[in-house]
Amino acid sequence: MSRITSTSTLNQVLWDLNSNREAVAKYSEQLSSGLAVSEPGDTSTAGTVASLTGVLQQVDSFTTRIASVRSQLDYQNDILTEASELLVRAEEIATQLGNETNDEAERIAAAEEVFEIRDHLVSLANTTYQGMYLFGGAVTTSEPFTQDTDYVNGSDQSLERYAYNVSGADGADTERTVRVTDNLTLTVNTSGDEIFTDAIVALECLGRALQGYRTELDANGLPDGTGTAYNLPDDYDEQSEDILACVDMLDSALSDDIKTEITNIAGRSRRLDTAESLLELSELNAEEVLSSIRDVDMIEAASNLSMAETALEASFTVTSQLLQMTILDYI
Amino acid sequence: MSGLVSRIMNNAISALSAQQSLIAVTSNNVSNVDTDGYSRRTVELSTREGASSGLSLGNGVEVSAVTRQTSSFVEEALQETTGELAQYEVEDEYLDRLEGLFSFDDDVTTIGTAVNDFFAAVDDLTLDPSSSELRANFIECANELATAINVTYNEIADLQTEADERIASEVETINSLTAQIAELNGEIRIWESSGDVAADQRDQRDQLLQKLSEKLSFEQVELDDGTVTISLADGFPLVSGTYSRDLEVTSSPSFTTGGAPSLDGGQLSYIVYDFSDGAGTSQIDLTSTIAEGSGTLGGLLSIRGVYESTDTSAFDADGTLVEIATQVEAIARQLLTSVNQEYAGGSSTTSGDLNGNTTGVFGLFTFSGATDADSDGVATTADLTASGEDNFASLISVAISSTSEVAAARDSSTTATPSYPEGDGQNMEALSDLQTQDFTFALGSYSLTDTFSGAYNDVVNTVGNERSKASVNLTVASSNYATASQRREEISGVSLDEEFTNLIQYQQAFQAAARLISVAGELIDQIVEVV
């Protein structure tokens, strides 16, 4: 028979009380925080928890970035849609004035509208988004299209051509690529030269033709200012042909440049959608796994807590009874 | 006849005296019911031997021995579990303090969240490289990362220094304990040479041994003269007879010239014994032996790390804090080399800032005294080595402070004056690729090929494993200790039930002996009357 002393009883009772208290503290903490794992030592898979919380943090920032990219792309899309409407209107003017019989004054009046359309298009090409010129490549702090002072045609300022990156700054054709998921990067801009230059040149040719001037293009495909005036009415037919030729130019600028870019942007938006749903999926997965490791099963924790409390109360009862029992009361 | 009566009288007196001894020992047991380390005493009675002539009528009773109820096996088991408990308590305490640095709490900035924030800032900047807000955010996040690494590393290094200081104070306690044990050895030897049992001194010595086992592991042998010899696992004697050897703590022992570098750039201490007599020093290293054992010292050393003679840097030492610090340091070194290399434009291009300046070698992450020592134009491990520094995690900082200094742009042309347009984010795009790229994080005995996030996750894994190991060890040790101390209580503890039951028994025996005396008295009176 083993000897039980009052000290060993006391020690045992204290040990039990302490472990019951610990259990109550542990389960109440779990219930109040909802977390079974809040520090690395709480789990045998600390690395996994860290990597999953990392994934969630990344998904968060990727999602925010996708929203920024999307809003930038949507904005570009709006601008290009407006630009394409402008070109359609210019085509209408060219078709109408190139085919129908009309006098010089009517053509000059139409030229004014065409130059207005060009100016409008230039202002679209010079759009800023949050202070950044969208279509200037890496040159984002100055207007990508400016009037080229090298080219003067008479005294009419409106005839001065607009050209891309007149100052010749470096990086005007640089694209920006943004990471939107772990393994997907997306180009977010195209240089304005590719999108707008042909359209602007077409509009300038059309405007000049309506105004009564031929247009010669330089090596870069820009009006070089050497085009001579039509000798009207003798050159009337030639003028009409030139006007109609501008329809083709406008048409190819519209379909090859602007609509192509709209399609590109739509494609990027679709990839953003895919990226977003992939991110949602990986977020869901990460949350699910993380939750299974980290979160408390509330029902289990609650029932554990109530069991631990019962055990603690029982310990109290036993302790008070045991401590009061002494042989001295009986001798 | 009168001879018989006087024999009755003598027997009764021997009984009275024996019962008084019993009651006295009982009272001593009861008094010491709560005394730590007290072993209950029991009294052994035996019949008193007298001169044998004719029939043996008996000569009464005598106290033949007062025995300490104790078992050396149980005492040693208790010492062992005490040592383990103390060791794991220390390990658990330090890891508990450490793990907060790697918390999963969303509000806590860790190296892991800082790495993610840094790359998010890089990616955000690619969207609008000319934005000064995004540039400021990039600098802020780079600073956040450098600071997170500084803070984490310094906290680990501080814990190491603290453990080192505690080792010194533990060694002082050990010296005082061994000195007291040696002194008690002397008393026990003198006392017991006359055949007595030095029960009180033995109790005290057992308790000191218990306290010593809380500090370190040792072997003990009790010699015939009652003294106990205490030696370390490798045979080094701490106490022999009445002599004890004082251990010393020093960071510049005689057996090594370089010392043991600590994580904060200082020196770790060795636990040594000096054989020389004041003249010069002739020390031997006991650190590894003590580290292999249990006790507070075993725990502190396994946390702090032990530096072997073949080790060459602070990260070669073998210890939990060193292991974790090594992983953090490996991340810092990778930032200083790989990330700087990419930030400077990678292998074939240059990068530059808004002021038109081309990025230098330590262009993003740097440390005081960073230079391109081998003049190869890139930040390499060789440059780090040449700096003479060791703990880059504590030194790492960000080289740029103004938004115009952020080199977001790249130029791949070979022109004499490269240009870096404000809207060019190609350098950030290249930097962004690093977040999914695997690097080899290698330092000391640590080697891992993973991404930056992966390297941090590995640190967390190490911390988590060490902490859960320590918790489990602590739980097991506590339970073992409780069992061992219950076992000791079972053998050596005072049971009041037992003592009071005995007391009544002794009291009755005493009354019986007293009655014998009165009977003997009556007998003598009757004889006197007859006469």
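## Where chain B meets chain A

Across the interface of chain B and chain A there are 25 residue pairs in polar contact, counting pairs in which both residues have pLDDT 80 or more. That confidence limit matters here because the structure is a predicted model, in which side-chain atom pairs count only at pLDDT 80 or more. On the side of chain B that touches chain A, the elements giving two or more residues are α3 (111–127), α11 (426–433), α12 (452–492) and α13 (496–530) of chain B. Of these, α12(B) gives the most, with 16 residues. Sorted by class, that side of chain B has 15 nonpolar, 25 polar and 17 charged residues.

Chain B brings 57 residues to the contact, and chain A brings 53 residues. The size of an interface is often given as the accessible area lost when the parts come together. For chain B and chain A, the area buried between them is about 4,200 Å², with 51% of it on carbon and sulfur atoms. Four salt bridges are also found across this interface. In a salt bridge between the two chains, the side chain of D433(B) meets that of R179(A), with 2.4 Å from N to O.

## Salt bridges within the chains

Over all chains, the structure holds 37 salt bridges. One of the salt bridges joins the side chains of D218(A) and R161(A), at 3.0 Å from N to O. Because D218(A) lies in the loop between α4 (192–211) and α5 (236–294) of chain A, while R161(A) lies in the loop between β3 (145–147) and β4 (162–164) of chain A, the pair ties together parts that are 57 residues apart in sequence. D218(A) counts as partly exposed, at 24% relative accessibility, whereas R161(A), at 11%, counts as buried.

In chain B, the side chains of R333(B) and D390(B) also meet in a salt bridge, at 3.2 Å from N to O. R333(B) counts as buried, at 16% relative accessibility, while D390(B) is partly exposed, with a relative accessible area of 26%. Elsewhere in chain B, a network of salt bridges links R41(B), R68(B), D200(B), D203(B) and D206(B).

## A hairpin and its link to a helix

Strand β3 (residues 219–222) and strand β4 (residues 228–231) of chain B run antiparallel and are joined by four bridges. Within this pairing, V221(B) has T229(B) in β4(B) as its bridge partner. The two strands form a hairpin with five residues between them, and G226(B), in the turn, has a positive phi of about 90 degrees.

D225(B) lies in the loop between β3 and β4 of chain B and R189(B) in helix α4 (residues 132–193) of chain B, so the pair ties together parts that are 36 residues apart in sequence. D225(B) is partly exposed, with a relative accessible area of 27%, and R189(B), at 34% relative accessibility, also counts as partly exposed.

## Two residues and their surroundings

Q334(B) lies in helix α8 (residues 320–343) of chain B. Because buried means under 20% relative accessible area, Q334(B), with a relative accessible area of 9%, is buried. Its side chain is joined to that of S338(B) by a polar contact of 2.5 Å. When neighbours within four places in sequence are left aside, Q334(B) is in contact with V339(B), F439(B), T440(B), F441(B) and F452(B).

D234(B) has its place in the loop between β4 and β5 (237–240) of chain B, and at 47% relative accessibility D234(B) counts as partly exposed. Leaving aside neighbours within four places in sequence, D234(B) is in contact with L286(B) and T289(B). With T289(B), the side chain of D234(B) makes a polar contact, side chain to side chain, of 3.2 Å. The C-alpha atoms of D234(B) and T366(B), by contrast, are separated by 47 Å, and these residues are 132 residues apart along the chain.

Definitions and conventions
Residues are numbered from 1 along each chain as its sequence is written. Chains are lettered from A and ligands numbered from 1 in the order in which they are written. This is a predicted model: local features need pLDDT of at least 70, side-chain atom pairs count only at pLDDT 80 or more; totals for chains, interfaces and linings use all residues. Side-chain values use heavy atoms; hydrogens and water are left out. Two strands pair if DSSP finds at least two bridges between them. Buried means under 20% relative accessible area, exposed over 50%, partly exposed in between (1.4 Å probe, protein chains only). A polar contact is a pair of N or O atoms within 3.5 Å; within protein, one must be able to donate a hydrogen and the other to accept it, and residues adjacent in sequence count only if both atoms are side-chain atoms. Contact means heavy atoms within 4.5 Å. Buried area is the accessible area (1.4 Å probe) that two parts lose on being put together, summed over both. Ala, Val, Leu, Ile, Met, Phe, Trp, Tyr, Cys and Pro count as nonpolar, Asp, Glu, Lys and Arg as charged, and the others, Gly among them, as polar.
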